[in-house]
There are 2 protein chains.
Amino acid sequence: MKIVKFKNFKENDSFEKFSNWLQKDLNQVNKIILETLETDSSLITELSGYIIGAGGKRIRPLLTLATAKLCEYSGNRHLSLASVIEFIHTATLLHDDVVDGSKKRRGKKTANFIWGNKSSILVGDFLLSKAFKILTNDGSLKCIDIISNVSEKISFGEVKQLMSVGNPNISEADYLDIIGYKTAELFSAACQLSAEISEVQETKKKSLKDFGYFLGISYQIIDDTLDYFSEEKISGKEIGNDFKENKMTLPLILVFNRGDKKEKNFIQYLIQDKKLNDSDFKWVIEKMKKYEVLNDCLQKARHFSIMAKDCLGTFTDNNEKKKLIGLADFLINRQK
Amino acid sequence: MKIVKFKNFKENDSFEKFSNWLQKDLNQVNKIILETLETDSSLITELSGYIIGAGGKRIRPLLTLATAKLCEYSGNRHLSLASVIEFIHTATLLHDDVVDGSKKRRGKKTANFIWGNKSSILVGDFLLSKAFKILTNDGSLKCIDIISNVSEKISFGEVKQLMSVGNPNISEADYLDIIGYKTAELFSAACQLSAEISEVQETKKKSLKDFGYFLGISYQIIDDTLDYFSEEKISGKEIGNDFKENKMTLPLILVFNRGDKKEKNFIQYLIQDKKLNDSDFKWVIEKMKKYEVLNDCLQKARHFSIMAKDCLGTFTDNNEKKKLIGLADFLINRQK
């Protein structure tokens with residue numbers, strides 16, 4: 001995916017630098033993931049291997065690893081707990097793609113497209129169970145509590161989102177609520193696990209919980225913005241997935257709020273329609289330009305990113321903190 | 001559903017008697033279930049309320065309640081743990097019906113038929129998360145271990161079953177393996193939870209674990225047998241679901257094993273075919289009669305039911321034990 005340049009874009013904080021810093025731990029996490037997936041069912045091994053290896057950034061487990069370093073954690077538990085986070089995330093992706101009827105994710109065919117919906121549902125359930133199995137072996141009730149909480153919130157958020165499909169009257173507050181449940185809570189849980197096993201003081205636990213949450217919100221706003229403004233979308237090569245799936249995300253919510261009566265009616269008509277085409281998408285992009293939606297979405301993402309970074313104020317300035325701040329900067333400046 | 005009379009049928013052990021014995025506890029469990037489902041998402045409340053209230057026998061949570069009595073448990077934890085068992089079971093049903101594309105269960109429309117597959121997937125996830133949430137509140141790592149184990153096994157069994165669809169070469173051993181994972185393990189877990197919280201000695205814990213497992217196997221064999229031999233099926237009013245879904249269950253496995261080359265070939269052709277009709281089903285029933293499949297299925301179910309009952313040998317003969325033995329007898333003699 002190529003870049004649509006926008007104001008204030010910084011390229012100095014690269015994700016690779018961040019990820020390389022944690023490479024040794026990440027390799028261990030990958031090993032745990034692969035070992036956990038080795039079953040005598042080739043479907044489970046292949047399907048889950050495919051989706052977990054599908055080139056995601058591993059941001060969520062990396063957050064566990066990075067915050068463990070920030071908390072000066074010296075044991076090994078963060079490795080299996082990071083794998084728990086990845087399993088929960090992957091289970092969600094599998095079920096999500098079935099619910100959305102997605103054929104592609106990150107440019108690759110989705111698992112449900114290759115193996116069918118049935119397989120994706122059942123392997124998703126398997127991964128969720130495995131996450132709880134690893135947690136039980138870890139043995140901390142507090143960590144199990146963090147994950148059972150987030151798991152409930154994710155599914156609750158997914159249901160809320162499903163109910164909001166095709167409804168143009170979703171407010172910005174509703175939207176923040178939904179992405180809070182379905183994305184930010186897992187970012188938060190990834191950080192909470194490290195704080196928990198490091199036994200840092202309550203203030204720091206709270207800071208990391210909030211840091212993860214606000215980071216997740218800013219991450220999802222950027223994701224939803226890129227779904228309209230990445231180069232593929234702007235150039236007309238691709239229609240945004242959210243638009244195609246009649247989902248009201250921030251860019252569309254802003255246009256709807258700012259549009260005149262005629263524009264509002266047309267958006268209402270589009271979002272309730274099942275089949276959206278290139279020219280509908282082009283029309284919406286035009287309106288987004290008219291109402292300066294891109295810039296405002298980025299501004300809102302930055303707002304939450306700054307909140308996230310400020311949460312780290314309870315930690316002393318050191319290399320680990322700089323890396324996490326760098327990650328927050330990267331996540332709002334990324335192009336894919 | 002009406003009865004197809006078969007040899008050795010006993011009607012003296014009624015399920016109602018068993019269920020009435022536990023009614024007070026069961027009312028409490030139902031209350032916990034309803035309270036847990038009260039969310040501000042009407043979809044979750046309505047859909048899960050519909051499926052949980054859809055007239056099932058509540059055998060699994062009743063097992064937790066009954067075995068708690070057998071273990072002379074005097075607290076309240078068995079009530080919320082019984083609700084955990086029902087949540088796990090319901091989550092499985094929801095995902096199962098999507099995977100099987102079922103339109104009816106127990107004579108009522110399935111949730112996926114009314115609310116759509118998407119809702120069933122997400123609400124299933126929500127119920128699974130809730131189960132772990134209740135367990136975390138209960139606070140016993142051992143109970144969480146029992147449920148994370150069974151949750152993994154159920155999804156593993158479902159994947160194995162999915163892989164076996166349309167394959168006529170499933171052996172009786174493969175079949176027992178699959179129903180062990182997808183059914184018997186949850187029956188076992190329902191009993192293990194009571195043994196755990198009652199802190200009975202290890203021998204008794206092991207006995208109840210095995211009791212539940214063998215009871216589950218006998219239960220599922222009867223279920224799969226009724227799918228060919230209930231009056232609706234025998235009279236031709238309905239085609240068996242398993243047959244329609246190209247699933248190899250015990251009755252069909254026996255016919256396939258016993259059939260001559262021509263019959264084997266035809267079954268192979270049928271089971272790989274997507275659209276099975278009334279006359280295919282009639283043909284299969286005829287062959288089942290020819291090879292005395294009904295009687296042998298019942299005999300096998302009885303074999304496991306007797307194993308289950310003998311597991312209770314570690315407990316002194318008392319009213320609670322008699323009730324559980326009565327349940328085992330009812331389950332193999334039931335007609336629906």
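Reply: Start with definitions: helices (H or I, at least four residues) are DSSP runs, numbered from the N terminus, and the expected span of a helix is 1.5 Å times one less than its number of residues. This is a predicted model, where local features need pLDDT of at least 70, side-chain atom pairs count only at pLDDT 80 or more, and totals for chains, interfaces and linings use all residues. Residues are numbered from 1 along each chain as its sequence is written, with chains lettered from A and ligands numbered from 1 in the order in which they are written.

Me: How many residues does helix H2 of chain B have, and what is its reach?

Reply: H2(B), residues 23-37, has 15 residues and reaches 21 Å from first C-alpha to last, close to the expected 21 Å.

Me: Which of its residues are buried?

Reply: An α-helix has 3.6 residues a turn, so residues three or four places apart point the same way. Buried means 20 or more other C-beta atoms (placed from the backbone) within 10 Å of the residue's own; exposed means 12 or fewer. In H2(B), B:Asp25, B:Val29, B:Ile33 and B:Leu37 are buried. They sit on the same side of H2(B), because their arc (of directions from the helix axis to the C-beta atoms) is only 110 degrees. Exposed residues on the face turned away include B:Lys24 and B:Lys31.

Me: And where do chains A and B meet?

Reply: Contact means C-beta atoms, placed from the backbone, within 7 Å. By that rule, 35 residues of chain A touch 35 of chain B. H8(A) gives the most to chain A's side, 14 residues.

Definitions and conventions: Contact = placed C-beta atoms within 7 Å. Helix = DSSP H or I, 4+ residues; strand = E, 2+ residues; numbered from the N terminus.
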